[in-house]
Amino acid sequence: MAQITIKGVAKSFGAFKALHSIDLCIADQEFMVLLGASGCGKTTLLRIIAGLETPTEGEVWIGDRRVDHLPPRSRGIAMVFQNYAVFPHLTVFENIAFGLRMKKLPQSEITNRVQRAAELMHIEQLLRRYSGQLSGGQRQRVAVARALAMEPDVILMDEPLSNLDALLRLEMRAELKGVLAGSKTTTIYVTHDQVEAMSLADRISVMSGGRIVQADSPVEVYRNPAARFVGSFIGNPPMNFLPAKSVGSGQWQVAGMTFAGPDTAGSAIEFAIRPEDLAVAAGGFAAVTRVVEPLGAHTLVTAEVGGKPFRAVLDSDIAVRPGDALSLLPKPDRIRWFDPDTTLAIQGNSQ
Amino acid sequence: MSTAVTDAPKIVSDVTRAGKLLYWSGVVLLCVWVLLPIYLLLINALSSPTEVQAFPKAAVPPFDLGSLRFFLGYAGVAQALLNSIIVAVLTMVLSILIGAPAGYALSRFNFRGKGAFRLLVLMTRAFPLPLLALPIAVVYIRIGLDDTRIGLALVHTTLALPFAVLITFSIFSGVPAELEEAAWTLGCNRLQAFWKVVLPLVLPGITASAIFAFTISWNEVFASAVLTVQNRTLTAFLLQTLNLSPLYLRYAGGAALVVPALMFIFAVRKYLFAMWGIANR
């Protein structure tokens, strides 16, 4: 059992507050992705869990042990670094065996485990090489194999794919998912790539400004962003936002249309809709097309609604040209509402 | 019209040609400046005692070892040579033992006054040794360190230490902190991670830094001449006796000093460039 509990963890670097009192619970065998733009504190949080960084406040529990006072070696973790951190003076075999030798395992056990980890990552034929003789992708495989060979309770990954080229990243992503699901370890994975996060995670923790804004399943984070930030950060293109004015009894006026929305006291809230939840149909928003980008599978249209930029992902067989007037109808069950002051989602849609 | 013509920009090839001429004459001048004395030194050291006085010199040294043999058999040379080696080795060991931890700290930790420390380390070289020699000599006589090899080695260590700190700093900085952190997560404590991961990677650089410290001590003459009487190093010994000795002996002595130093510096040149931040890896 290796669930991870983070209680009120905060970290300051001098006057700069990198993390504001983080609370997070990660279940045993869960694949948790920490997602955020650079500087949001996701790597700091990972390094605190690893023991490479000391929290200013708070507690870190792995399983039923409090670990925040323990050095990295006593935490039952393994880590994969962004720059691979493959030891250049050791062969691939010795790299993978490094942690096992530190545990003083018998040689036969070491050979077995190295062999198994190498097979899992398809690098059996590279065991005698040095890291200088490997490509970036191969080094990354060695780094993952080294972590897997430790058979740790928790694997921590710090942007492990960010230094690989796009095609290799895609391939490694699928492979990592398979391997880690098979290993049944709890995994925390840091990335700034939302596609990587969506495809790998059981749950995503979206971070911003040293806080966790939302921690939920990928679909939930995508469908029901807890805050405006999540909607504007996740999704390519991101959510559209339009101001909404109250016309009384839960009815809201948005760019010339009226929707049934939440029954809140405020007079102005924000209407949000994902670009792919729009269809060209009569009775929708009056939009003026500005840019048309055919993307093959569908066409991305950047239009203007009520003087605001508004994006729609449309069927690729719809013929639109810049300057055309469009009527964009949102799917009623996909409309979300946000409070412009707190930026949080407003629950209790009447939909 | 005529002003317009004189004002016209020069043809680019003309400018580059002038620049090239300046560049190459600079290169030649510096090479002659450095290489000519070494050439004269070598050619005379490798000539027989009688040939040393002759002029013009042969382009290729006659490889007569008469002068060198005489020099090595000269009374006191063997002892001075041994002293030089002992003091240089002591300097080498001391400056690495003290300098490498400082270099490691500079490259791995952030602490208040780090920048000032790096500057101050170099500032120790700003005080001319003659200024310090007298107080040092007085203190040494009081505490009984005068005329000892270890006493001289201590002074040489202070001279070599700034370089040891800065060279090892750049060498440790060349080892990514992630490698050490990876070792920690794989079961090492700080000392084990250093021993198993950092040390193997920095060993060549540390060796180079040690050789450089050795060379500094080997070449140093002022402190050696002031602080030692009986236990003279080769430099101090030569300084003392050269005025009284025949020309061929001076050349042989000079060569015996310069050639090892040159070879050492040549061997570690890559790391000396690293010290000043010139990319080499």
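Let me begin with chain A, whose secondary structure comes to eight helices and 19 strands, where helices (H or I, at least four residues) and strands (E, at least two) are DSSP runs numbered from the N terminus. This is a predicted model, in which local features need pLDDT of at least 70 and side-chain atom pairs count only at pLDDT 80 or more, while totals for chains, interfaces and linings use all residues. Residues are numbered from 1 along each chain as its sequence is written, and chains are lettered from A and ligands numbered from 1 in the order in which they are written.

On confidence, pLDDT being the predictor's confidence in each residue from 0 to 100, chain A has a mean of 90, with 99% of its residues reaching 70 or more. Within chain A, helix α5 (residues 166-183) has the lowest confidence, at a mean of 87, and helix α2 (residues 92-102) the highest, at 95.

The C-alpha atoms of chain A fill a box of roughly 75 × 45 × 35 Å, taken along the principal axes. Of the 351 residues in chain A, 42% are buried, a residue being buried if 20 or more other C-beta atoms lie within 10 Å of its own, exposed if 12 or fewer, and partly exposed in between, with C-beta atoms placed from the backbone.

Turning to the cores, a nonpolar core is a set of buried Ala, Val, Leu, Ile, Met, Phe, Trp, Tyr and Cys residues joined through C-beta atoms within 7 Å. The largest one has 149 residues, and of these Ala145(A) and Leu156(A) touch the most other members. Helix α7 (residues 149-173) of chain B gives the most to this core, with 14 residues. A second, separate core of 16 residues includes Leu46(B), Leu234(B), Leu238(B) and Leu257(B).

What does Leu156(A) contact, leaving aside its neighbours within four places in sequence? Its partners are Leu46(A), Ile49(A), Ala50(A), Ile77(A), Met79(A) and Ile188(A), where contact requires that the C-beta atoms of two residues, placed from the backbone, lie within 7 Å.

Finally, between the chains, 14 residues of chain B are in contact with 19 residues of chain A. On the chain B side, α8 (177-185) and α9 (190-219) are the elements that give two or more residues, and α8(B) gives the most, with six.
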